[in-house]
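Let's take a walk through this one, starting with how two of its parts sit against each other and ending at a single residue.

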Amino acid sequence: MRGLMMDTPLLISSLIEYAALYHAGTEIVSRTVEGPIHRTTYLDARNRSKQLAGVLQRLGVEPGDRVGTLAWNGYRHFEIYYAVSGMGAVCHTINPRLFAEQLVYIINHAEDAYLFVDLTFVPLLESIQEQIPGVRGYVVMTDAEHMPETSLPNALCYEELMARESADFDWPALDENTASSLCYTSGTTGHPKGALFSHRSTVLHSYSACSLDTLGVCSRTIVLPVVPMFHANAWGLPYAAALAGAKLVMPGARLDGEGIHQLVEAEEVDLLAGVPTVWLMLLGYLEQNGKTIDSVEKVVIGGAAAPRSMIEAFQQRHGATVIHAWGMTETSPIGTIGTLKRQHDGLPEEERVTLQLKQGRGVYGIELRIVDDEGNELPRDGVAFGELQVRGPWVVRSYFRHDGEILGDEGWFSTGDVATLSPDGFMQITDRSKDVIKSGGEWISSIDLENEVVSHPSVAEAAVIGIAHPKWDERPLLVVVPAEGAAPERDEILSHLEGRIVKWWMPDDVVFVDELPHTATGKISKLTLREQFSDYQLPTA
Ligand code: ADP
């Protein structure tokens with residue numbers, strides 16, 4: 001027997017319509033590329049999204065067409081999110097930090113009809129324009145006054161196009177499984193792969209983001225996504241904020257500590273979200289300038305493991321609660337969330353932080369399991385570790401224009417992460433499967449090691465990689481970036497690790513460097529680091 005409830009499709013256009021109706025005056029504040037702070041409201045953003053949908057129609061964009069963006073977090077990018085998806089086309093956010101060849105590959109693979117581009121990235125597109133002949137035109141996200149001289153063919157000015165359009169556009173009643181947005185993973189090996197989200201998956205994911213045990217976005221929230229809108233849709237925050245009617249603060253091109261701090265203070269931000277690299281910059285700035293972030297209640301840390309020292313700095317020095325989260329582009333991205341339970345209230349702070357080092361419980365909607373090399377499920381005992389697999393309504397079942405099956409038995413998606421699951425449901429990532437260090441048939445967790453190393457006050461950043469070893473297969477090499485003004489010694493770092501890690505995990509050597517290589521999504525690039533140290537001779541070899 002079928003239920004007798006309405007079959008209302010879950011559509012992205014309904015999010016902005018809801019926000020415009022119930023939170024008409026709630027603000028979207030953006031630091032613009034042109035310079036000034038720009039303020040708008042949900043009502044205005046809804047109207048301008050409709051205007052833009054009209055513009056797209058006039059440009060000949062059809063349902064299903066891909067419309068690319070190379071842009072920072074800002075109100076125009078927000079309008080593009082809603083206009084493109086709302087009219088039934090696909091909003092393809094492109095990470096401008098990728099190498100030129102990767103950009104060319106992605107734009108051609110996606111067959112982007114138009115590209116919307118912030119002023120910052122016009123020269124980047126000019127440099128590859130000949131290799132992306134399929135692009136019909138470029139829309140520069142600025143007004144007539146700031147429109148640059150450009151060699152881009154068919155370059156149009158965003159505000160000039162908008163000025164000619166009314167807000168009369170009617171959102172089509174799409175099937176909720178219609179594709180809405182496209183995001184390529186940086187693909188540390190092989191070509192980037194496109195995760196193609198749907199209206200349904202996006203709305204369900206937004207509901208989850210708003211639940212109190214997840215990110216807890218609500219109408220009182222003032223959220224600043226430092227995580228870029230070209231990185232897994234800024235973790236879904238531009239959608240969740242509209243669903244909840246939260247005030248949105250967009251940092252534009254300034255992700256440095258001072259830039260973020262200014263916005264936090266001026267707009268009384270209470271929820272921050274970003275990867276550890278940006279928090280290093282913010283915490284460093286606060287420390288050096290004796291500044292605080294008093295309005296901030298919660299800091300979401302994801303994309304890479306949050307080290308103990310970072311969690312402690314936010315919680316103990318700045319009175320904010322850290323929410324450690326795990327996810328990937330393929331999971332929209334929210335997968336697990338490290339909010340603590342009532343039963344953890346009485347624990348000493350140190351033990352609470354130890355729990356927060358874990359990436360947290362699967363949120364409702366995401367099933368998790370770990371498996372061994374043969375695909376057998378491993379126990380949830382907090383000790384056994386194996387490849388993490390996930391399943392759920394906002395997890396990819398295939399990639400865009402990709403041949404072949406990507407899911408395993410019973411529809412599980414293999415994440416490429418290695419993790420433990422504890423009996424109370426907390427998941428902890430020990431490594432990416434390609435980064436684990438195999439020593440004498442056992443695995444060493446590079447993430448655990450790195451976390452311990454960065455708790456040393458003279459260490460700014462650290463990475464551990466496996467180096468070939470004649471007896472043990474691989475042994476860990478520790479690569480350290482010293483904190484500003486510090487000059488730590490090898491033995492000092494190693495003795496700091498004594499007692500904090502099992503003996504046989506002790507790195508065989510330590511190297512000091514000025515900086516570590518990072519990927520386009522701000523993570524330490526172990527691949528590049530392994531290449532840099534491919535000829536390295538361990539003293540123990
Ligand atoms: P990219 O490979 O392009 O950076 P994603 O942003 O999708 O792609 O990265 C997802 C990966 O990031 C996960 O598979 C995992 O390895 C890592 N990751 C995400 N969050 C965390 C976290 N909290 N702790 C450790 N690793 C994380």
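The C-alpha centres of domain 2 and domain 3 are 26 Å apart. This is a predicted model, where local features need pLDDT of at least 70 and side-chain atom pairs count only at pLDDT 80 or more, while totals for chains, interfaces and linings use all residues. Residues are numbered from 1 along each chain as its sequence is written, and side-chain values use heavy atoms, with hydrogens and water left out. The bounds, from an automatic or database domain assignment, are 12-212 for domain 1, 365-432 for domain 2 and 437-532 for domain 3.

So what passes between domains 2 and 3? Six residues of domain 2 are in contact (heavy atoms within 4.5 Å) with seven of domain 3. Together the two domains bury about 530 Å², 53% of it on carbon and sulfur atoms; that area is the accessible area (1.4 Å probe) lost on putting the two parts together, summed over both. On the domain 2 side, Phe-385, Thr-430 and Asp-431 supply 60% of the area buried against domain 3, more than any other three residues. As for salt bridges (a side-chain nitrogen of Lys or Arg within 4 Å of a carboxyl oxygen of Asp or Glu), the count between these domains is zero.

Now pick out Asp-509. Asp-509 is buried, with a relative accessible area of 10%, where buried means under 20% with a 1.4 Å probe, protein chains only. Beyond its neighbours within four places in sequence, Asp-509 has contacts including Arg-490, Tyr-536 and Leu-538. Thr-221, by comparison, is 288 residues away in sequence and 46 Å away in space, C-alpha to C-alpha.

Technical notes. Buried < 20%, exposed > 50% of the residue type's maximum accessible area, 1.4 Å probe, protein only.
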